[in-house]
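Open the model in your viewer and keep the selection tool at hand. This tour goes stop by stop, saying what to pick and what is there.

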Amino acid sequence: LGLDVSTARNGQEALDQFKKSKLYTFDYIFMDIMMPIKNGLEATREIRVLPRRDAKNVHILAMSANAYMQDIQKCYKAGMNGHISKPLYLEDLKDRIIQIL
């Protein structure tokens with residue numbers, strides 16, 4: 001798709017990368033919910049309260065095998081814009097990315 005992609009091994013790394021990046025570096029964050037050190041819900045909440053203009057607007061999509069309505073609601077409550085269930089399929093990811101580009 002011609003995208004520049006960054007990876008993080010855990011929620012803390014994702015948060016740190018976002019904090020250190022230039023404004024509007026990231027258009028989309030695919031955030032796994034179950035990660036070591038800091039989970040995706042915690043990382044998302046911390047991104048959303050950062051004092052920078054892009055923190056409120058960056059699209060954050062939860063990725064999780066937990067797909068019950070209560071799990072999905074936790075993602076929205078944490079500040080995520082959507083949820084995609086595992087296993088992930090390339091076509092589903094493409095559709096989500098294209099929606100925001």
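A residue counts as buried when its relative accessible area is under 20%, as exposed when over 50%, and as partly exposed in between. Keep in mind that this is a predicted model.

**Stop 1: a pair with unlike surroundings.** Select Lys38 and Glu46. Their side chains meet in a salt bridge, 2.7 Å from N to O.

**Stop 2: a second pair.** Now pick Arg52 and Asp54. These two form a salt bridge, with the closest N and O atoms 2.7 Å apart. Both Arg52 and Asp54 are buried.

**Stop 3: a pair on a helix.** Move to helix H4, residues 90-100. Select Glu91 and Lys94, whose side chains form a salt bridge at 3.6 Å, N to O. An α-helix has 3.6 residues a turn, so residues three or four places apart point the same way. Glu91 is partly exposed at 49%. Lys94 is partly exposed too, at 26%. Across the whole structure, a search finds five salt bridges.

Stop 4: Select helix H3, residues 69-78, and colour Asp71, Ile72, Cys75 and Ala78, its buried residues. Look down the axis of H3: the buried residues fall within an arc of 120°, so they line one face of the helix. Turn to the face away from that buried side to find the exposed residues Met69, Gln70 and Lys77. What do the buried residues of H3 pack against? Their partners are helix H2 (40-48), strand E2 (59-64) and strand E3 (82-85). Just after H3, stop at Gly79, which takes a positive phi of about 110°.

**Stop 5: the largest pocket.** Show the largest pocket, with its volume of about 640 Å³. Its lining has 23 residues; Val5, Ser6, Phe26, Tyr28 and Ile29 lie nearest the centre. Helix H1 (11-20), strand E1 (28-32) and helix H4 each supply at least two lining residues. Which element gives the most? That is E1, with five residues. Colour the lining by class: 15 residues are nonpolar, five polar and three charged.

Notes:
Residues are numbered from 1 along each chain as its sequence is written. This is a predicted model: local features need pLDDT of at least 70, side-chain atom pairs count only at pLDDT 80 or more; totals for chains, interfaces and linings use all residues. Side-chain values use heavy atoms; hydrogens and water are left out. On a 1 Å grid over the protein atoms alone, a cavity is a set of points where a 1.4 Å probe fits but cannot get out, and a pocket is an open set with protein on both sides within 12 Å along at least five of seven lines; lining residues have an atom within 4 Å of a point. Grid points are joined across faces, edges and corners, and a volume is the space filled by probe spheres set on the points. Helices (H or I, at least four residues) and strands (E, at least two) are DSSP runs, numbered from the N terminus. Ala, Val, Leu, Ile, Met, Phe, Trp, Tyr, Cys and Pro count as nonpolar, Asp, Glu, Lys and Arg as charged, and the others, Gly among them, as polar. A salt bridge is a side-chain nitrogen of Lys or Arg within 4 Å of a carboxyl oxygen of Asp or Glu. Buried means under 20% relative accessible area, exposed over 50%, partly exposed in between (1.4 Å probe, protein chains only). The arc is that of the directions from the helix axis to the C-beta atoms. Contact means heavy atoms within 4.5 Å.
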